[in-house]
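Visitor: I'm new to this one, could you walk me through it?
Guide: Gladly, let's bring it up and take it piece by piece.

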Amino acid sequence: MDLLRLRGIRIMALCGALPEEQQRPQPFELDVDISADLAVAGASDELSDTVDYGAVCAEVCEAVQSQRFTLLEAMAHKITQVCMACDERVMSVTVEVRKLRPPVPQPLATSAVCITRSRQ
């Protein structure tokens, strides 16, 4: 399988276990790897023969911004579902979600979850 890689998608969303994290959007950064056969698109040079990453980004942003999540794991899982639903050619998706301002007293740049989901 080939990989379509989307790096550094920035989004404001509601995600966290603390009450203030459920009330105030905070910044997240997403990386998405989509596994699909891209050979046809490589030969044809036609957008219709590949997974449209613009459409994937739009769907992911809409889904994440329209929901509240308690856990990064739940947000990452939702993103994988959205990516799989965008195009039947998507065979698997790996998503990393990074919280850019984790609410801990220690000096921590980011907290993150990385998950992979595949079609059955």
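**A helix and a sheet**

Guide: A starting point is Asp52, which caps the N-terminal end of α3, with a side-chain oxygen 3.0 Å from the backbone nitrogen of Gly54. Please keep in mind that this is a predicted model.

Visitor: Which residues of α3 are buried?
Guide: Val56, Val60, Ala63 and Val64 are the ones buried in α3. Seen down the axis of α3, these buried residues fall within an arc of 95°, so they line one face of the helix.

Visitor: And what covers them?
Guide: The cover over the buried residues of α3 includes the strands β1, β2 and β3, together with helix α4. Helix α3, residues 53–65, lies across β1, β2 and β3, and runs at about 25° to β1.

Visitor: What about α4, which strands does it lie across?
Guide: Helix α4, made of residues 72–86, lies across β1, β2, β3, β4 and β5, running at about 35° to β5.

Visitor: Switching to the sheet, in what order do the strands come?
Guide: The open sheet is formed by 5 strands in the order β3-β1-β2-β4-β5, and their pairing is mixed. Because β3 (68–69) and β5 (111–118) stand at the edges with a single partner strand each, one side of each is left without a neighbour in the sheet.

Visitor: How many bridges link β4 and β5?
Guide: Strand β4, residues 92–99, pairs with β5 over 8 bridges in the antiparallel sense. As an example to look for, Thr94 has Thr116 in β5 as its bridge partner.

Definitions and conventions:
Residues are numbered from 1 along each chain as its sequence is written. This is a predicted model: local features need pLDDT of at least 70, side-chain atom pairs count only at pLDDT 80 or more; totals for chains, interfaces and linings use all residues. Side-chain values use heavy atoms; hydrogens and water are left out. Two strands pair if DSSP finds at least two bridges between them. Helices (H or I, at least four residues) and strands (E, at least two) are DSSP runs, numbered from the N terminus. Contact means heavy atoms within 4.5 Å. Axes are lines fitted to C-alpha atoms, for helices over the stretch in contact, and angles run from 0 to 180 degrees between N-to-C directions. Buried means under 20% relative accessible area, exposed over 50%, partly exposed in between (1.4 Å probe, protein chains only). The arc is that of the directions from the helix axis to the C-beta atoms. A polar contact is a pair of N or O atoms within 3.5 Å; within protein, one must be able to donate a hydrogen and the other to accept it, and residues adjacent in sequence count only if both atoms are side-chain atoms.
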